[in-house]
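This report looks at side-chain packing.

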Amino acid sequence: MRPQIIEKLIGIFSLFPGIGRRQALRLAHWLAQRDKQFIEDLKLALNELKSVKKCSVCFRVYVGENQCSLCSDGS
């Protein structure tokens with residue numbers, strides 16, 4: 001029986017495009033073998049994703065206010 005956290009990671013990774021259960025299992029096991037600093041860096045990077053938005057005009061990803069820097073530039 002797998003630990004519950006591995007099953008949870010498999011479920012999350014399986015939602016990624018192109019990732020099936022077997023690949024998700026590989027990713028979960030690979031992550032479980034990383035050191036604490038790697039996990040902490042990954043956690044911080046994922047948390048920073050909250051500030052990434054999609055531009056309402058061109059659909060590019062950006063960090064900022066209402067539109068990306070290209071669409072908000074008047075020129």
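## Nonpolar core

The largest nonpolar core has 6 residues: Ile6, Ile10, Phe13, Ala24, Ala28 and Leu31. Such a core is a set of buried Ala, Val, Leu, Ile, Met, Phe, Trp, Tyr and Cys residues joined through side-chain atoms within 4.5 Å. At least two residues of this core come from each of α1 (4-13) and α2 (21-32). Helices here are DSSP runs (H or I, at least four residues), numbered from the N terminus.

Ile10 touches Arg2, Arg21, Ala24, Leu25 and Ala28, leaving aside residues up to four places away in sequence. Contact means heavy atoms within 4.5 Å.

## Basis of the model

The model is predicted: local features need pLDDT of at least 70, side-chain atom pairs count only at pLDDT 80 or more, and totals for chains, interfaces and linings use all residues. Residues are numbered from 1 along each chain as its sequence is written, and side-chain values use heavy atoms, with hydrogens and water left out.

## Aromatic pairs

The structure holds 2 aromatic pairs. Rings of Phe, Tyr and Trp (its six-membered ring) pair if their centres lie within 6.5 Å; planes under 30 degrees apart count as stacked, over 60 as edge-to-face and the rest as tilted.

Phe13 and Phe16 pair edge-to-face, at 5.6 Å centre to centre and 90° between the planes. Phe13 is buried, at 12% relative accessible area. Phe16 is partly exposed, at 43%. Buried means under 20% relative accessible area, exposed over 50%, partly exposed in between (1.4 Å probe, protein chains only).

Trp30 and Phe38 also form an edge-to-face pair, with ring centres 5.4 Å apart and planes at 90°. Trp30 is partly exposed at 40%, and Phe38 is partly exposed at 33%.
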